[in-house]
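Work through the exercises below with the structure in view. Each task is followed by a solution in steps.

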Amino acid sequence: MPSLTKKMRKTGIPFRAAATRAVRAAGVGAAAACLSLALSGCGGADTTAPSAVRAHPATTQAARFGTVDCREAKCIALTFDAGPSENSARLLDILEDRQVPATFFLLGERHIEKYPQLVRRMADEGHEVASHTWDHAILTELEPDEIREELERPNEEIERLTGRRPTLMRPPQGRTDDTVHEICRELGLAEVLWTVTAKDYTTEDSALIQRRVLAQADRDGIILLHDIYAGTVPAVPGIIDALKERGFVFVTVPQLLAPGKAEPGKVYR
């Protein structure tokens, strides 16, 4: 997803408008490149696949939802970035109705701060609650102390609200590097990218969002969506129903890796 520049964040420009302006201003630069990159994010990091993690069982493992064994089942993970938002309660209703767990990569500023009750609900209903930084800063453009602050602040708030400190984070735009890896290792965080994106930040067409997800979905997939956008949540029931018809089982990211476990400082996709 395109990032907000520091100036844009301070003036409170909405994500969609900020993303559009960033792309226009950048031309063929980094922001446009990120918009066109469908799968791996913009970091170019070495990544580990879920199947590789499952081959090495952990002494302890964090999967907390259901009893699915992804070594046997055709699993897929539904993930949502940049919430909570005014759309999240409806999304949680849909997930509860269909008994589908998700992984939420939450933003701190104007999101966790504004909707603490939804953070608690996500955790209470068995979803994995993780970090998407405090204010969507591009981590590779920050100094180490700034990276730590971007990662520590949402972790502290999520732990305060849920009683459980996040073990996963998703870097904005998927941009990461060795410095980010090292700081994540210090903080006990693994990085999670994605294999499926609907680019829902570019459209409010729910049918198009659904088609894009279904066209890319495969076993061990990690689906990237954003519940902050108007077209995304209405697309979720159709995505769930169609993938269930194809034999997919929905799991959280930790469960996708079980009986292995994500290691801090490593990147998974």
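**Exercise 1. A charge and a ring**

Over the ring of which residue does the charged end of Lys74 sit?

Solution. The model is a predicted one. In it, the ring under the charged end of Lys74 belongs to Phe248. The charged end is 4.3 Å from the centre of that ring. The cut-off for the distance is 6 Å, so the value of 4.3 Å falls within it.

**Exercise 2. The aromatic pair**

Find how many aromatic pairs the whole structure holds, and describe what the search finds.

Solution. Step 1: the search of the whole structure gives 1 aromatic pair. Step 2: the partners are Phe80 and Phe104, with 5.5 Å from centre to centre and 25 degrees between the planes. Planes under 30 degrees apart count as stacked, so this pair is stacked. Phe80 belongs to strand 1 (residues 75-83) and Phe104 to strand 2 (residues 103-106); they are 24 residues apart, and the pair links distant parts of the chain.

Are the two partners buried or exposed? Buried means under 20% relative accessible area. Phe80 has 0% relative accessibility and therefore counts as buried. Phe104, at 1%, also counts as buried.

**Exercise 3. Helix 5**

Determine which residues of helix 5 are buried and where they lie around the helix.

Solution. Step 1: list the buried residues of helix 5 (residues 88-97), which are Ser88, Leu91, Leu92, Ile94 and Leu95. Step 2: look down the axis of helix 5; these buried residues fall within an arc of 160 degrees, so they line one face of the helix. Step 3: turn to the face directed away from the buried side, which carries the exposed residues Arg90 and Asp97. Step 4: identify the cover over the buried residues of helix 5, which includes strand 1, strand 2, helix 7 (116-124) and helix 11 (236-245). Step 5: look past the end of the helix. Gln99 follows helix 5 and has a positive phi, near 55 degrees.

**Exercise 4. Salt bridges**

How many salt bridges does the count come to? Examine some of them.

Solution. Step 1: the count comes to 17 salt bridges. Step 2: take Asp97 and Arg98, whose side chains meet in a salt bridge with 3.4 Å from N to O. Asp97 counts as exposed because its relative accessibility is 59%, while Arg98, at 22%, counts as partly exposed.

Step 1: take Arg160 and Glu157, which meet in a salt bridge at 2.7 Å, N to O. Both lie in helix 8 (residues 144-162), 3 residues apart, which is about one turn of the helix. Arg160 is exposed at 56% relative accessibility, and Glu157 is partly exposed at 24%.

Step 2: take Lys266 and Glu263, whose closest N and O atoms are 3.6 Å apart in a salt bridge. Lys266 is partly exposed at 37% relative accessibility, and Glu263 is partly exposed at 42%. Step 5: look for shared partners; salt bridges of this kind join Asp93, Glu96, Arg121 and Glu125 into one network.

**Exercise 5. The whole chain**

What does the secondary structure of the chain come to, and what share of its residues is buried?

Solution. Step 1: the chain has 12 helices and 9 strands. Step 2: of its 269 residues, 54% are buried. Step 3: consider contacts with a separation of 6 or more; residues 24 or more positions apart account for 77% of them. Step 4: the accessible surface of the chain is about 11,300 Å², and 47% of it belongs to carbon and sulfur atoms.

Key:
Residues are numbered from 1 along each chain as its sequence is written. This is a predicted model: local features need pLDDT of at least 70, side-chain atom pairs count only at pLDDT 80 or more; totals for chains, interfaces and linings use all residues. Side-chain values use heavy atoms; hydrogens and water are left out. Rings of Phe, Tyr and Trp (its six-membered ring) pair if their centres lie within 6.5 Å; planes under 30 degrees apart count as stacked, over 60 as edge-to-face and the rest as tilted. Helices (H or I, at least four residues) and strands (E, at least two) are DSSP runs, numbered from the N terminus. Buried means under 20% relative accessible area, exposed over 50%, partly exposed in between (1.4 Å probe, protein chains only). A charge sits over a ring if NZ of Lys or CZ of Arg is within 6 Å of the ring centre and within 35 degrees of the ring normal. A salt bridge is a side-chain nitrogen of Lys or Arg within 4 Å of a carboxyl oxygen of Asp or Glu. Contact means heavy atoms within 4.5 Å. Accessible areas come from the Shrake-Rupley method with a 1.4 Å probe; for residues, only the protein chains shown count as cover. The arc is that of the directions from the helix axis to the C-beta atoms.
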